[in-house]
Amino acid sequence: MAAVAVHQFAQCITCHAWSPDRSMVAFCPNNNEVHIYKLLEDKWEKVHVLQKHDQIVSGIDWSRRSNRIVTVSHDRNSYVWNQEGPEWVPTLVILRLNRAALCVQWSPKENKFAVGSGAKTVCICYYEQENNWWVSKLIRKKHDSSVTSVAWHPNNILLATTSTDGKCRVFSTFIKGVDTRESKSGSSSDSKFGEQIVQLDLSYSWAFGVKWSPSGNTLSYVGHNSMVYFVDDVGPSPLAQNVAFRNLPLRDVLFVSEKMVIGVGFDCNPMVFAADESGIWSFVRFLGEKKASSSSSKYGSQFSEAFGKLYGQSKHGLSNDTVEPSRAQGVVHENCINCIVPLTKEGFRTKRFSTSGLDGKVVIWDLENQDLSDHF
Amino acid sequence: MAGAEKFVEADNAEAIITRIEHKSRKIESLLKQNKPVEALKTALEGSPPMTRDERCKSANWIVVHRALMAIKDVDGMFSSLDPEYYDILMKYLYRGLSTGDRPTCDQCLRIHEKLTERAGLGCILRSLADTVNTV
């Protein structure tokens, strides 16, 4: 089994993030709070509740090196939380939005973060030493609809966004005084703030969940039409591939290596996509499936499962215990998965990751012994 | 969105209609030769017409409908219909269902069941989510 631990933390989780040492997890239980749980003597205990937002928290990111938490919410505000002694101290970041903030991510160098919003804008926030204040700079008039996801390129300058106008865009976020121009990194860092590098026009419906590969050479995002897109050579002449699959649409993706992507979404079961030697991407299999019952079409059972869900089969106790990871069909999540976060990395490869979804579970997955090594 | 700029203006509608008429004649001759699957493939070829002109869309639907209704053996049809036609076929099945005409709906539902078995729920999602290339 690929799922090594299942934690039922709440009835519904909108997003989650891990502390730098992975001993704590922060998540939003579908309200205006952020709960932080810590593993104490084999049990997950609630150690902090971050209360400052007025509405649902839609995005959390916990920076690896500086140990700061950034949260964004439908209340249009963002807070950066610093740990001072036992307390988490919030700093308000005024995003200057007139619609909900939807997603957030720290840049790789952790000196900036990006916020996607329902106001058709992206905010790039950075810290101003002299004013002791986080400043928000907006990329306006580029998106025709809500920005559903943001992803930083490893170079700390390029930012990819997906939007409900169906497009995926890449911007330069170069900020004078924050970023330094590197002569070797070529054309991408010569662009001004907010300049659009490329607009990818592949989807006919909402686009969600964008990520860069570890090297930054490949970009992947999903459409609400049960398609996933892979883009190489992001620039003036991008090379794009569409992969259509037979299941319900995805919500987010994660590169676990240059050649392998995990997709999560409405099918409640992570899907593995991989590129072969010639670079052609295809669907490999579900992760939560036993190897014997591979890709045989199971249309009937799919429907009865869905009906089971409709009729309230998924009444699962709020026990906050580790559930035995041996559910019969290997379907661990009982509702849409909307968040996927890497856990342990070895160089460019992610061996472990966690998912959370509308069923209130945080599930940890391990890719070891999954017969997927040819794709790594 | 994608391909929107490829849409031709209404001036070209006449050219599209002519092409559909030509397609219609080809389908009739294929049906006479008892090749219903070939006829359906021909009908789905070049669909949906790259236009917003409703006249063209209706004309093309009439042609596809003719080929759809000629299918007797649904399983046999799928054994020789390539997966690349699945998404566009699904769109026309929903158009057929929207007519409310009894024999058309019966036929569309029969094919819909088999198509969903083969192409999955993703195929339905792709046909419903695409609001640009409507049929």
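Biologist: What should I know about the model before reading any values?

Modeller: The model is predicted, so local features need pLDDT of at least 70 and side-chain atom pairs count only at pLDDT 80 or more, while totals for chains, interfaces and linings use all residues. Residues are numbered from 1 along each chain as its sequence is written, chains are lettered from A in the order in which they are written, and side-chain values use heavy atoms, with hydrogens and water left out.

Biologist: How many helices and strands are there in chain A?

Modeller: Helices (H or I, at least four residues) and strands (E, at least two) are DSSP runs, numbered from the N terminus. Chain A has one helix and 28 strands. Chain B has six helices and zero strands.

Biologist: Which way do strand 24 and strand 25 of chain A run?

Modeller: Two strands pair if DSSP finds at least two bridges between them. Strand 24 (residues 271–275) and strand 25 (residues 281–286) of chain A are antiparallel and joined by five bridges. Phe273(A) has Phe283(A) as its bridge partner in strand 25. Five residues lie between the strands of this hairpin, where Gly279(A) has a positive phi near 85 degrees.

Biologist: Why is helix 2 of chain B described as largely enclosed?

Modeller: Buried means under 20% relative accessible area, exposed over 50%, partly exposed in between (1.4 Å probe, protein chains only). Helix 2 (residues 36–44) of chain B is largely enclosed by the rest of the structure because seven of its nine residues are buried. After helix 2 of chain B comes Gly46(B), with a positive phi near 70 degrees.

Biologist: What area do chain B and chain A bury between them?

Modeller: The size of an interface is often given as the accessible area lost when the parts come together. Buried area is that loss (1.4 Å probe), summed over both parts. Chain B and chain A bury about 1,500 Å² between them, with 61% of it on carbon and sulfur atoms. The contact involves 16 residues from chain B and 21 residues from chain A.

Biologist: How many salt bridges does the rule find across this interface?

Modeller: A salt bridge is a side-chain nitrogen of Lys or Arg within 4 Å of a carboxyl oxygen of Asp or Glu. Between chain B and chain A the rule finds zero.

Note on methods. Contact = heavy atoms within 4.5 Å. Buried area = accessible area lost by both parts, 1.4 Å probe.
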